Amino acid sequence: MTITSEPIPAQNMPVPVQDIPASDIAALGLRESSTFDRATIADIQRAAATGVYDIRGWGAKRKVPHFDDLLFLGASMSRYPLEGYREKCDTDVVLGDRYATRPLHLQTPVTIAGMSFGALSANAKEALGRGASEVGTSTTTGDGGMTPEERGQSKHLVYQYLPSRYGMNPDDLRKADAIEIVLGQGAKPGGGGMLLGQKITERVAGMRTLPVGIDQRSASRHPDWTGPDDLEIKIGELREITDWKTPIYVKIGASRPYYDTALAVKSGADVVVVDGMQGGTAATQQVFIENVGIPTLAAIPQAVQALQELGVHRKVQLIVSGGIRTGADVAKAMALGADAVAIGTAALIALGDNDPSYAAEYAALGSAAGFYDDFQDGRDPAGITTQDPELASRLDPVAAGHRLANYLRVLTMEAQTIARACGKSHLHNLEPEDLVALTIEASAMARVPLAGTSWIPGAK
Amino acid sequence: MVTLTAPETSTAATHQEAETVDASSAGAILDTFSVDLAGSPVRELNQALHNAVDGQAWTVTTPEGKHSLAVGINAHVTVTIDGHAGYYAAGMHQKGDVTINGNAGVGLAENIMSGRVHVKGDASQSAAATGHGGLVVIDGNASARCGISMKGVDIVVGGNIGHMSAFMAQAGRLVVCGDAGDALGDSIYEARIYVQGTVESLGADCIEKPMKAEHLAELGELLTAAGRTDNPANFKRYGSARNLYHFSVHNSTQY
Amino acid sequence: MCGIAALQLRNPLLHPQMGSLLSSMMCQIVDRGPDSAGVAVYNTPGLVSPGTSTLSLLGKDQGVPLDAITRELEKLLPSSAATAVRVVGDTTLVSAAVGTDLLVKAVSETLPGSTIIGRGEHVAVMKSVGHPMEIAAEHGLEAMAGSQGLSHTRMATESAVTAGGSHPFSVADDLCLVHNGSFSNHATVRRDLKREGVVFDSENDTEVGARYVASRLQQGDTLEEALVNLGKVLDGFYTLVVTTADSMAVVRDPIACKPAIIAETDDYVAMASEYRALAALPGIENARIFEPEPGKVYTWSL
């Protein structure tokens with residue numbers, strides 16, 4: 001756009017203020033406020049115009065210390081590397097063998113996180129199942145129940161047990177390969193979910209026992225238990241119903257992971273899932289996404305410490321999620337002590353979300369490929385975060401599933417490559433001592449030394 | 001390919017008739033069994049009930065408030081628990097008929113799908129929470145959060161219910177022959193509530209609604225199904241004002 | 001997060017059975033709090049006696065032989081005080097026929113490293129880390145007589161699993177408090193109380209509740225008023241049981257998620273987190289059994 005000499009009143013601004021090219025700003029000698037930057041100004045203008053908080057998907061966008069701030073110490077003389085592509089580096093993982101008689105045995109430690117049918121189309125759910133099954137890993141339901149498409153195409157399906165209990169029923173419970181009791185999500189620890197009316201189609205409404213087209217709110221607390229002493233009894237009930245066969249996970253949004261992990265273990269969980277603040281979400285208040293919870297990097301050492309102190313590290317498995325993108329992220333999470341990871345946002349991208357081929361349609365929605373986060377709107381051009389039949393039909397579950405499988409293979413191979421370089425014949429043998437940090441913040445959070453030093457801020 | 005949605009969960013906005021199948025409609029009693037929990041673990045009881053076939057009748061003695069009694073039943077069996085039950089008695093119940101000759105703890109018949117659960121005494125908080133179908137009868141009082149997030153279950157309480165009952169109740173019917181506590185039906189969706197006594201206060205978006213002939217009729221059926229003789233004409237009906245179905249800035253203080 | 005069992009015996013004929021009844025109740029709430037436990041008993045012969053102050057000290061080993069402790073205390077207390085020190089299970093009991101404040105001062109001087117977990121004329125408090133029933137057995141709870149008893153099994157939420165973090169918290173004469181739940185603004189209330197001069201022993205949120213109640217009682221509140229005021233100040237989730245020399249009180253927060261069940265007969269009032277803890281009480285089949293209403297304070301006095 002061009003900047004006219006006359007100031008334009010904000011409410012008449014033809015394009016969002018943040019769209020002014022940086023070159024124009026420089027040419028005019030304008031200086032942007034760090035406090036009231038253009039995104040902040042746009043947020044204030046949006047709030048003033050609508051009177052409602054901003055709801056969006058995609059998870060936290062702010063920059064926080066992350067896996068990028070860690071580096072591996074490849075082997076050379078003091079430790080010896082394995083021969084890439086030849087010497088074996090195993091990737092399999094057993095989840096849930098603490099109490100359950102039928103634990104999951106996955107071929108890769110990269111699993112698919114819970115995302116609801118409702119937030120996602122049935123085709124997208126099917127594609128997640130296909131992709132995960134192709135590489136021998138698990139996928140997870142979400143708030144709203146289990147669809148036949150997903151169950152049918154998922155070799156290992158984790159059934160989420162959520163506060164809303166939408167679509168919860170004992171038949172599906174018995175069909176699940178694992179049960180994940182959800183206390184919170186990294187994007188919104190302490191908050192309930194929501195699904196706006198555009199996505200409450202007849203089928204979604206039917207599965208959730210809700211009127212079609214309403215804005216659905218989800219509870220933030222379970223209706224029939226509160227706290228670990230009652231959770232222990234709840235886990236006992238679920239085990240009784242499933243005859244002690246099915247592993248039971250407890251998923252927490254990362255805020256106080258040291259305490260919450262310990263309490264999940266004491267309550268009898270087989271597996272603890274810790275979701276950091278970079279974890280995605282389909283629809284939540286932006287203020288919640290950006291301001292509640294702690295980064296994944298900071299959460300892992302706390303959770304691992306709790307497991308170690310209770311003597312159950314590797315016995316009660318730890319799954320970590322929130323911002324996993326590459327095999328390096330996978331390897332770093334595991335080196336810090338995770339047994340497996342879960343991916344959500346990255347899986348959606350692999351399916352085809354925010355694909356540049358839909359650039360024009362993203363632009364028509366006031367967004368761009370790579371920026372689209374209005375998952376609550378149900379108008380996703382890629383046909384993934386929608387219930388619109390025409391849009392949803394754009395996603396071929398077979399092809400999308402295959403793309404996801406490819407991506408999962410790459411993540412696994414990348415993690416193996418790093419593990420071999422660190423001299424490991426199994427991903428599980430990665431350890432914190434294989435890592436150093438690039439920044440003081442990451443060093444303090446991950447509890448690994450600042451690169452080139454033996455210093456860990458805050459370590460005793 | 002498997003069918004994953006139970007028939008009783010397959011409808012939403014439209015109301016579904018209460019399914020009150022009992023063992024007798026599935027055939028004559030085949031055999032009777034009895035389990036004394038003084039000398040036998042709950043695990044064995046539940047495993048036996050999961051292996052049970054239609055028509056069997058089970059009696060459980062010395063329950064002494066133990067948890068997760070008779071959970072996950074999925075056959076037309078009759079279970080009688082002689083004494084008080086702990087948390088989640090008859091949880092996720094399907095098809096069968098469970099009677100508790102005593103009180104029940106937290107989460108009685110939680111997520112019940114079908115069949116019938118009858119408590120002769122009182123029920124603790126969150127009775128019939130998230131129930132999708134079937135009938136839950138409580139002769140005594142139920143405490144807080146009775147019928148929370150109910151999704152099609154019918155509940156008949158002979159006495160009073162506690163605060164926050166029918167919170168976010170989506171479908172089904174809650175009948176209270178006594179009084180209701182604070183914030184009844186807060187954020188209610190399409191469930192219907194009938195109260196004979198007083199209501200301490202109504203929750204957000206819950207209002208009194210007229211009793212039409214159809215409501216008197218369905219209330220009469222529910223009371224009869226619960227073995228009660230209260231007069232439907234003495235009840236008031238409550239349900240959703242549907243003002244919170246769509247986010248609106250005007251309702252921001254209500255959420 | 002925890003299990004609670006409390007018993008007030010109205011019928012003196014039941015007093016000899018207090019320990020065995022409380023022990024049977026406690027046995028049923030172990031799963032709710034397997035980390036650590038504590039018990040308070042009132043008017044138990046052999047532990048406390050009328051006209052004598054008794055302090056309960058954490059641990060059986062105070063680092064000094066018992067007779068040496070006695071000798072040191074005798075130097076600080078009047079000769080008429082009949083100072084006695086003994087060990088019960090993992091607890092050291094110090095008693096003397098003086099005011100509690102004087103005894104506390106003397107013990108603090110003699111054993112500066114000790115932690116006083118109970119004080120008063122009527123109560124003895126015993127707590128430790130480990131399996132609750134082993135703790136009860138080690139202290140011989142089963143054989144104890146008494147007028148009231150309060151027991152707690154703990155699953156630590158945010159403070160450490162230590163004996164000092166176990167409940168009951170007894171921070172004023174004959175006052176004990178146990179808690180199931182978690183206060184969400186305890187740090188702020190703790191700071192406020194500290195500014196008023198209150199000294200804390202632990203980082204536990206429940207201690208804040210106990211200190212708050214003690215502070216209100218000191219300012220003239222009745223037990224009921226103190227608990228009503230607690231509801232105005234402390235936020236979060238709680239089921240509390242508070243005992244004094246002759247009273248027992250139960251209160252739940254207004255949301256009332258944490259369980260509580262009460263059984264009342266002519267012979268006793270019993271409160272527990274779950275019914276199964278009440279199941280073995282005598283005459284339970286004819287007891288009035290009810291759950292305390294949210295936000296309502298219940299008190300019973302002997």
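Which residues of α1(C) are buried? In this predicted model, the buried residues of that helix are Met18(C), Gly19(C), Leu21(C), Leu22(C), Ser23(C), Met25(C) and Met26(C). Helix α1 of chain C runs over residues 18–27 and is mostly covered, with 7 of its 10 residues counted as buried.

The cover over these buried residues is drawn from several elements of chain C, and it includes those listed here.

| Element of chain C | Residues |
|---|---|
| β1 | 2–9 |
| β2 | 36–42 |
| α4 | 132–139 |
| β8 | 148–154 |
| β14 | 268–272 |

The setting of this helix is the fold of chain C, in which there are 7 helices and 16 strands. The radius of gyration of chain C is 18 Å, close to the 19 Å that the globule rule gives for 302 residues, and chain C is therefore as compact as a globular protein of that length. Along the principal axes, the C-alpha trace of chain C spans about 50 × 45 × 35 Å.

Among the contacts in chain C with a separation of 6 or more, 71% are accounted for by residues 24 or more positions apart.

As for the surface, the accessible area of chain C comes to about 10900 Å², and carbon and sulfur atoms contribute 51% of it. Chain C carries 22 positive and 35 negative side chains, and the centres of these two sets lie 4 Å apart.

Terms used: Residues numbered from 1 in each chain as written. Chains lettered and ligands numbered in written order. Predicted model: local features only at pLDDT ≥ 70, side-chain atom pairs only at ≥ 80, totals over all residues. Heavy atoms only, no water. Helix = DSSP H or I, 4+ residues; strand = E, 2+ residues; numbered from the N terminus. Rg over C-alpha atoms; globule rule 2.2 N^0.38 Å. Contact = heavy atoms within 4.5 Å. Areas by Shrake-Rupley, 256 points an atom, 1.4 Å probe, with all protein chains shown as cover. Lys, Arg positive; Asp, Glu negative; His and termini not counted. Charge placed at Lys NZ, Arg CZ, Asp CG, Glu CD. Buried < 20%, exposed > 50% of the residue type's maximum accessible area, 1.4 Å probe, protein only.
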